[in-house]
Amino acid sequence: MIRTVVRRSAAVLTLATLFGTALALAGGAASADTPIPGGGWETKPQVNDLQAILLFVGIPILVLLVVSAMILGPALARGEAILPKKGDEEPEGQWLGGPRKSAGELADPDSEGSAAGGAGGTW
C-alpha cells in the first residue's frame, strides 16, 4: 500500500512539473505593436461624449439593475412582501460586542486596586 502511495505521489509530482514547464515555455516572448512606417503610432479613434456617458454611467446602472433583479426577483415571484408594513414596529437596535446585562458577566471594579472587570494593565 505504501508503494502505491509513493508511486501515485511520484506520478502526480512528475505530471505537475511537466505541466508547469509546458506552461512556462508556451508563454513565448512578449509582443507589442510596431510603429507605422513613416513615423508615429496609429491614432486611436476618439470617443464622443455619448459613448463615454454610456460606458461610465450606463453600464454601472445596468449592472445595478441586474443584481437588484437577481436579489429581489425570487421574493417577488413567490409573492412575498419586500417593504415593511406601515404598522410594524421598528426592530430594536443591535450593538455587536457592546455591553451585556447577564449574570455571568464580570463585575465592575470597586476601587483602584480591584482586579474585577476583566483585563487591565499598568505602566
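A: First, the setting: buried residues make up 2% of the 123 residues in the protein, where buried means under 20% relative accessible area, exposed over 50% and partly exposed in between, with a 1.4 Å probe and protein chains only. This is a predicted model, so local features need pLDDT of at least 70 and side-chain atom pairs pLDDT 80 or more, while totals for chains, interfaces and linings use all residues. Residues are numbered from 1 along each chain as its sequence is written, and side-chain values use heavy atoms, with hydrogens and water left out.

The protein has two helices and zero strands; these are DSSP runs numbered from the N terminus, helices being H or I with at least four residues and strands E with at least two.

Now to H2, which covers residues 49-78. At its start, a side-chain oxygen of Asn 48 comes to within 3.3 Å of the backbone nitrogen of Leu 50. From first C-alpha to last, the 30 residues of H2 reach 42 Å, close to the expected 44 Å (1.5 Å times one less than the number of residues).

Further along, H2 has a kink of about 40° at Leu 72, shortly before the proline Pro 74; the bend is the angle between axes fitted to the seven residues ending there and the seven starting there.

The structure holds one salt bridge. Arg 78 counts as exposed because its relative accessibility is 57%, whereas Glu 80, at 41%, is partly exposed. Just after H2, Gly 79 takes a positive phi of about 85°.

Notes
Polar contact = N/O pair within 3.5 Å; in protein donor to acceptor, adjacent residues only side chain to side chain. Salt bridge = Lys/Arg side-chain N within 4 Å of Asp/Glu carboxyl O.
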